[in-house]
Amino acid sequence: MRKLRLSLSVACVIVGAGFGAPALAQEASLSQQDCEALAGFELLVDAIELETTGGVVDSATWMETDSHGTYCEVMGSINPVDPQAWPILWQANLPTKWNGKAIQYGGGGYNGTIPNTLRHVQLGLTTTATPLAQGYVTFGGDSGHPPESGGGAAFARNHEALVNYGYAHIGKTFDAMTTVAEQAYGEAADLVYFSGGSTGGREGLTAAMRWPDSYDGVITYYPSAHFMGLRLWGVALADAIYSDDSAGWFPPELVDTIAERAIELCDPLDGAEDGLVSNPAACRAVSSSIVDDLRCPEGQEDETCLNQTQIDRVIGVYHEGYSLPYELGGLSEYPGYNSLEGVVMNIGTQAEFINPPPSGPNAHHVNRAFQFTTNFVDTSEDFDLLAFDIQSPGEHQERLVELAEIIGATETDLSDFSNSGGKIIWIHGTDDPSITPWSSVALVDRIRDDMGDEAVDEFLRFYVVPGLAHGGGRFSPEIDTLAALDNWVENGVPPAGMIMVDGTDSETRGRTRPVCEYPAFPMYSGDGDINEASSYHCATE
């Protein structure tokens with residue numbers, strides 16, 4: 001049994017009940033009367049580990065559904081200390097028959113809304129019952145501020161809201177759920193998992209790093225773990241594209257040509273022409289030829305080819321990333337994207353830089369970088385994004401380092417989490433245009449360097465999925481990661497032989513591939529249906 005941070009009065013006994021479905025010896029149950037009695041239940045200050053002024057259950061509603069069974073929908077709020085900050089709004093769904101386990105759902109972007117706690121876990125197998133229907137308590141919070149239009153992040157100007165977004169809301173929402181679950185069922189959750197992608201993926205890793213005794217397992221998809229590196233990459237891209245009267249910008253038609261040629265060049269490297277670049281490492285060894293082919297002939301300058309400024313600036317930053325002369329959360333580099341391996345670069349639809357830069361006309365990452373720098377770093381009215389030098393940030397360097405400690409999830413020693421029995425399934429996609437998969441590769445490599453392969457293999461499995469973008473993509477996988485994680489935590493059986501199903505809304509929907517542990521990738525075996533996982537094996541070259 002895991003040790004929870006709160007002093008909970010009643011223990012649960014777990015017995016094995018087959019793959020992915022262990023249950024309480026006697027399931028805890030919940031009646032409609034028990035549910036409705038939760039309305040108005042007060043969360044005392046000492047029920048939440050981090051500083052708050054308490055909280056309350058705002059409503060408790062009895063729900064009878066076909067998809068999720070009968071459950072109690074609990075909506076609550078956790079009050080801030082700073083009267084200028086916002087409460088954390090949260091939701092917990094309590095099934096009538098509880099299996100003794102809970103799943104916390106992560107958010108996305110700059111958060112501001114409660115995640116959908118009724119759905120499957122991130123990119124989970126939709127042909128199975130939802131976690132709530134399986135008997136899990138499912139819960140999540142809005143991270144402590146209201147939503148903002150256009151990807152805004154003005155909330156970060158309030159320090160408590162910033163800290164809540166960075167990490168504190170995760171623990172506070174966990175404490176609220178455990179207190180309410182014990183009040184409802186008379187016993188505590190024995191196992192708690194976390195599932196999320198992007199910001200939610202970062203939150204899952206944060207949960208494991210900051211509260212290793214509270215969480216038993218994490219499913220993290222394309223996490224923004226190196227949040228600072230990602231946002232400063234957007235600053236570097238802004239400089240590359242828009243400085244010197246947008247000397248680095250080139251039109252969408254040329255962007256599309258680069259991606260199309262990359263697919264054509266590298267699709268066959270896995271043995272099957274299936275529209276996927278499954279071996280981006282091998283593709284990187286040859287993809288520079290695309291730039292050579294599209295380089296402007298001497299004396300030619302037009303929109304049908306790439307000039308040297310565009311190659312050095314934009315292609316360079318996009319494909320290779322950058323390095324800094326200082327560290328942020330232990331990291332000084334942010335690697336580039338698979339922009340010459342099939343990922344479509346986003347450099348905006350127009351050359352003109354608009355202040356503030358809108359996503360679409362200007363590059364999406366530049367918009368996000370602007371929101372970050374003007375709300376997290378420098379709130380002065382005369383801040384100039386294009387004049388912000390990430391290599392030599394001057395007075396801002398101390399602030400950047402401070403933010404990395406608040407928001408980043410880049411710790412490399414997860415011994416406490418592993419020693420408590422925690423497990424992590426970590427997945428990133430080759431086609432991610434939002435967070436480069438190489439950032440996950442770099443962090444996992446650092447964890448291995450710090451802890452050693454044998455220790456890491458005890459608690460972590462890392463997969464790079466061909467065709468997966470930032471959700472969706474040319475191959476939008478559905479994987480039964482929850483069953484795999486549960487079986488690993490409960491029965492000590494590591495994930496093996498997982499199969500992913502393509503959930504894209506296209507003619508390829510339903511095709512399957514093996515899920516290969518990095519650095520392996522699905523290689524076509526030479527015969528058999530290219531749409532069937534049985535025709536592939538996991539290869540490293």
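Trainee: Where is Thr-117 found?
Mentor: Thr-117 is found in the loop between strand S9 (101–105) and helix H2 (131–134). Helices (H or I, at least four residues) and strands (E, at least two) are DSSP runs, numbered from the N terminus. The model is predicted, so local features need pLDDT of at least 70 and side-chain atom pairs count only at pLDDT 80 or more, while totals for chains, interfaces and linings use all residues. Residues are numbered from 1 along each chain as its sequence is written, and side-chain values use heavy atoms, without hydrogens and water.

Trainee: Is Thr-117 buried or exposed?
Mentor: Its relative accessible area is 1%, so Thr-117 is buried (under 20% is buried, over 50% exposed, in between partly exposed; 1.4 Å probe, protein chains only).

Trainee: And which side chain has a polar contact with Thr-117?
Mentor: That of Asn-93, at 2.8 Å (N or O atoms within 3.5 Å, one able to donate a hydrogen and the other to accept it; sequence-adjacent residues need both atoms in side chains).

Trainee: What else is in contact with Thr-117?
Mentor: Beyond neighbours within four places in sequence, Thr-117 contacts Gln-91, Asn-93, Tyr-105, Thr-138, Phe-139 and Gly-140 (heavy atoms within 4.5 Å).

Trainee: Changing topic, at what angle do H10 and H11 pack?
Mentor: Helix H10 (residues 364–377) and helix H11 (residues 397–407) pack at about 100 degrees, and their axes are 11 Å apart. The axes are lines fitted to C-alpha atoms over the stretch in contact, with angles from 0 to 180 degrees between N-to-C directions. H10 and H11 are therefore roughly perpendicular to each other (65 to 115 degrees; under 35 is roughly parallel, over 145 roughly antiparallel, the rest oblique).

Trainee: Which residues make that contact?
Mentor: H10 contributes Phe-372, Phe-376 and Val-377, and H11 contributes Arg-399, Leu-400, Leu-403 and Ile-407.

Trainee: Which residues of H11 are buried?
Mentor: Arg-399, Leu-400, Leu-403, Ala-404, Ile-406 and Ile-407 are the buried residues of H11. On the other side of H11, Glu-398 and Glu-405 are exposed.

Trainee: What do the buried residues of H11 pack against?
Mentor: They pack against helix H3 (159–185), helix H4 (199–210), helix H5 (227–246), strand S13 (322–328) and H10.

Trainee: And where does Ile-263 lie?
Mentor: Ile-263 lies in helix H6 (residues 252–266). With a relative accessible area of 18%, Ile-263 is buried. Leaving aside neighbours within four places in sequence, Ile-263 is in contact with Pro-268, Gly-275, Val-277, Gly-342 and Arg-474.

Trainee: Is Thr-349 buried or exposed?
Mentor: Thr-349 is exposed, with a relative accessible area of 53%. Its place is in the loop between strand S14 (331–334) and H10. Not counting residues up to four places away in sequence, Thr-349 touches Trp-249, Pro-252, Gly-360 and Pro-361.

Trainee: Which residue does a cis peptide bond join to Pro-356?
Mentor: Asn-355, with omega about 0 degrees. Pro-356 lies in the loop between S14 and H10. A cis peptide bond also joins Tyr-518 and Pro-519, with omega about 15 degrees. Pro-519 is in the loop between strand S19 (512–514) and strand S20 (521–524).

Trainee: Lastly, what is the phi of Asn-111?
Mentor: Asn-111 has a positive phi of about 60 degrees although it is not a glycine. Asn-111 lies in the loop between S9 and H2 and is buried, with a relative accessible area of 12%. Ser-246, in helix H5, is another residue other than glycine with a positive phi, near 60 degrees. Ser-246 counts as buried at 14% relative accessibility.
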